[in-house]
Amino acid sequence: MDRRTADIFIAGGGIAGLIAALGFAKEGFSVVLADPAPMPGDIMTDLRSTAYLQPARDLLQTIGVWETVADRATPLEVLRVIDCAGDPTTAKTERAFEAADLGAPAFGWNLPNALMRCELAQAAAANDRIDLRFGTGFKSLLARDTEAITTLSDGTQLRSKLAIAADGRGSTLRQAAGIDVDVTRYGQKALAFHVTHDQPHNAVSTELYHSGGAFVLVPLPDFESKPASAVVWMNDGPEALRLANLNETAFSDAATQRSTGVLGNLTLTSERQIWPVITQTARALTARRVAIIAEAAHVLPPIGAQGLNTSLVDVHWLLDVARNMPDDIGTPKFLDHFAKARTQDIAARARVIDLYNRICRSDVPPVQSLRRLGLRLTHDITPLRHGIMRAGLGG
Ligand SMILES: Cc1cc2nc3c(=O)[nH]c(=O)nc-3n(C[C@H](O)[C@H](O)[C@H](O)COP(=O)(O)OP(=O)(O)OC[C@H]3O[C@@H](n4cnc5c(N)ncnc54)[C@H](O)[C@@H]3O)c2cc1C
């Protein structure tokens, strides 16, 4: 049986796991990362995109990846929010929040997940401190006071000071560590897809709220010389499934209608991927020699650009604690510091996004009126606007 040792074992080579691997390698630690999926390639297997807020961009800069993706990132300079009602969908209240209002160049920089994951995997593969094992999953854990012994799907046994669960919402490592989750289901699903449109987006991200959930257009670079956007469209589950099964022309028409024609006609240019909308939080962020991060620790509804950005705050703090106590990696003291840094923030974000989603999707007239009033107040009262925008910038 193959036996190996490393400072850090990471289960999961999604964006969060790969960034953690590069971060620990940068701090001088040896890392083994395992993921049963194949090494990410150029194919768009994930149609989601992420607006990296300033703290996430700083982290990408620290690990040396930002420079390689910066020219393909689309800045989000303006966030336009439109509250809608009726059938056909009609815009009722509209407000625009400008990053320049706070002296910031942009709210965030949008990059397709598939592109980012591919670049991260290549950077990790080229790093001498990282042993990258795509095609091999985490299987079981034996946690001792002094080390974590993990067994991989190919039978390899690995000894490390710390095992990090970054293996997604169904995390096998989290389960092996005996940590349960709390789940809230909304009966909603999110469709993720790409479109081209008649009018340029001008670096404006547009969020339209209506019963069923948010419809969000996030700017992408031009596609086949046409302005393009990534879309997340949330709906009640049966309606999302009906839309997912429409033919391409009917779907493009439905999306154009739902967008109130804000960018002209929308034309579908990708597959449609469908995701359940849930809030899921792990009941603990640590166990003996184990830290739980990213979607293994928290899954949020896809509004407010919080999901992956919250995950990267986890990575930031894990690295910060490691930097401050390099000789204590994986000890109870180390894990306590990490849990203290993250527990309340994750719970607060989960509460806020849960409430935000409930308000955004509501078709109850008083709640809709409150939503419109809230939008007007948060925009029109300058200190409130600045406070909300600072929070939106990840401050
Ligand atoms: C529609 C939609 C839109 C979103 N938009 C945004 C946005 O705009 N901004 C934002 O910040 N967030 C957004 N999110 C959230 C964000 O996309 C996710 O948080 C993020 O992609 C999850 O990354 P991850 O690395 O935690 O998990 P994953 O990407 O799920 O990676 C987990 C990895 O673990 C691997 N794995 C599974 N089992 C094992 C095992 N046994 N051993 C080892 N590895 C294993 C998997 O193969 C996978 O590669 C959105 C989410 C959705 C659904």
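**Salt bridges and a hairpin**

Analyst: Let's start with a network: salt bridges link D314, R342, D345 and R349. Keep in mind that this is a predicted model.

User: How many salt bridges does the count come to?

Analyst: The count comes to 21 salt bridges.

User: Which residue does E27 form a salt bridge with?

Analyst: E27 pairs with R323. Their closest N and O atoms are 2.9 Å apart.

User: Where do those two sit in the chain?

Analyst: In distant parts of the chain, 296 residues apart. E27 is in the loop between α1 (15–26) and β2 (31–35). R323 belongs to helix α8 (residues 307–324).

User: What is the relative accessible area of E27?

Analyst: It is 28% for E27, so that residue is partly exposed. R323 also counts as partly exposed, because its relative accessibility is 39%.

User: Next one. Which residue does R283 bridge to?

Analyst: R283 forms a salt bridge with D180. The closest N and O atoms lie 3.9 Å apart.

User: Where are R283 and D180?

Analyst: Both are in loops, and the pair links distant parts of the chain, 103 residues apart. R283 is in the loop between β17 (273–282) and β18 (286–287). D180 is in the loop between α5 (172–176) and β12 (181–197).

User: Is R283 buried or exposed?

Analyst: R283 counts as exposed, because its relative accessibility is 54% and the cut-off for exposed is over 50%. D180 has a relative accessible area of 47%, so D180 is partly exposed.

User: What about D328? Which side chain does it meet in a salt bridge?

Analyst: That of K333, at 3.5 Å from N to O.

User: And why does K333 count as partly exposed?

Analyst: Because K333 has 48% relative accessibility. D328 is partly exposed as well, with a relative accessible area of 23%.

User: Why would such side chains pair at all?

Analyst: Side chains of opposite charge can pair when their charged atoms come close.

User: OK, new topic: the hairpin. Which strands form it?

Analyst: Strands β9 and β10, with four residues between them. β9 covers residues 138–143 and β10 covers residues 148–152.

User: In what sense do β9 and β10 pair, and over how many bridges?

Analyst: They pair in the antiparallel sense, over five bridges.

User: What stands opposite L141?

Analyst: T150, in β10.

Key. Residues are numbered from 1 along each chain as its sequence is written. This is a predicted model: local features need pLDDT of at least 70, side-chain atom pairs count only at pLDDT 80 or more; totals for chains, interfaces and linings use all residues. Side-chain values use heavy atoms; hydrogens and water are left out. A salt bridge is a side-chain nitrogen of Lys or Arg within 4 Å of a carboxyl oxygen of Asp or Glu. Buried means under 20% relative accessible area, exposed over 50%, partly exposed in between (1.4 Å probe, protein chains only). Two strands pair if DSSP finds at least two bridges between them.
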